[in-house]
Amino acid sequence: MKIKFCAFIALVFFGVQSNVAQTVIQGTGPSSGFNIGDISFGGKAGLNFTTWLGNDFDGVSAKVGAYFGGIAEIPVMDDFYVQPELLFALQGADLGPSNVNLAYIQLPVMGKYHITEEFAVELGPQIGFLLADNWEEDLQFQDTKSIDIGLNLGGGYRMDENFYFQLRIGVGLSKVLDITNARNGAVSVGAVYFL
């Protein structure tokens, strides 16, 4: 699974790089007239409503977190963009008497298709690297995993040239803990400001 995921990321990355190289070297781009100046950069922030998916824990409910980071929007062809992001995200779950807090650096790579000029749909993989948690390993006899792999599905609304609003659902594909099948789940609402 990890090899297939890495191969997919490499294909997306090198595909985008070949388009950029074609534009720079030959002075021509894809049929949409893409050039390096068409790449948009911005910042993004919002709220996460996160929990653990699976039936290994009873009484698990969602907790509120936040995220912020940077984003790039790279045109590939008419109305289709690759959107890599670098985010700091606070996630976790409410386990009844205690909360589990997880801090990740996340790298989603979204494919974004504009249905209209304002509305878009997004789909793509995500890898997260655990920075910190409050999980008591000695008391629970299991540790949190340092890498989280997931899949995101969402949509967005472009208000104008600078503001873009997103709604996204993220489902973890890898386990959060060593010996359970609990996976991260998130609903994210946020905004992007393109420079």
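**Exercise 1.** Is Tyr157 buried, partly exposed or exposed, and what is its relative accessible area?

*Solution.* The model is predicted, and the values below are computed from it. Tyr157 has a relative accessible area of 34%. Buried means under 20% and exposed means over 50%, so Tyr157 falls in between and counts as partly exposed.

**Exercise 2.** Describe the aromatic pair that Phe119 and Tyr157 form, and locate its two members in the chain.

*Solution.* Begin with the count: the structure holds 4 aromatic pairs. In the pair of Phe119 and Tyr157, the rings are 5.1 Å apart centre to centre, with 50 degrees between the planes. Planes under 30 degrees apart count as stacked and those over 60 as edge-to-face, so this pair is classed as tilted. Next, place the residues: Phe119 belongs to strand E5 (residues 119-133) and Tyr157 to strand E6 (residues 147-158), so that the pair, 38 residues apart, links distant parts of the chain. Phe119 is also partly exposed, with a relative accessible area of 45%.

**Exercise 3.** Which kind of aromatic pair do Phe163 and Phe165 form, and which residues make up the cluster that includes them?

*Solution.* The centres of Phe163 and Phe165 lie 6.5 Å apart, and with 10 degrees between the planes the pair is stacked. Phe163 is partly exposed at 32% relative accessibility, and Phe165 is likewise partly exposed at 34%. Ring pairs then join Phe163 and Phe165 with Tyr193 in a cluster.

**Exercise 4.** Over which rings does the charged end of Lys112 sit?

*Solution.* The charged end of Lys112 sits over the ring of Tyr164, 4.0 Å from its centre, and over the ring of Tyr81, 6.0 Å from its centre.

**Exercise 5.** How many residues make up the largest nonpolar core, and which strand gives the most to it?

*Solution.* The largest nonpolar core has 11 residues in all, among them Trp52, Leu102, Trp135 and Ala182. Strand E4 (residues 99-114) gives the most to this core, with 3 residues. A second, separate core has 5 residues, including Ile71, Ala120, Tyr164 and Phe194.

**Exercise 6.** How many cavities of 30 Å³ or more does a search of the whole structure find, and what lines the largest cavity?

*Solution.* The search finds 1 cavity of 30 Å³ or more, and the largest cavity has a volume of about 220 Å³. Its lining consists of 21 residues, of which Gln91, Gln106, Gln126, Asn152 and Ala186 lie nearest the centre. Among the elements that give two or more residues to this lining are strand E1 (40-53) and strand E7 (163-172), and E7 gives the most, with 6 residues.

Methods: Residues numbered from 1 in each chain as written. Predicted model: local features only at pLDDT ≥ 70, side-chain atom pairs only at ≥ 80, totals over all residues. Heavy atoms only, no water. Core = buried A, V, L, I, M, F, W, Y, C linked by side-chain atoms within 4.5 Å. Buried < 20%, exposed > 50% of the residue type's maximum accessible area, 1.4 Å probe, protein only. Helix = DSSP H or I, 4+ residues; strand = E, 2+ residues; numbered from the N terminus. Phe/Tyr/Trp six-rings, centres within 6.5 Å; stacked < 30°, edge-to-face > 60°. Lys NZ or Arg CZ within 6 Å of the ring centre and 35° of its normal. 1 Å grid on protein atoms, 1.4 Å probe; cavity = no way out; pocket = protein on both sides within 12 Å on 5 of 7 lines; lining within 4 Å. Points joined across faces, edges and corners; volume = space filled by probe spheres on them.
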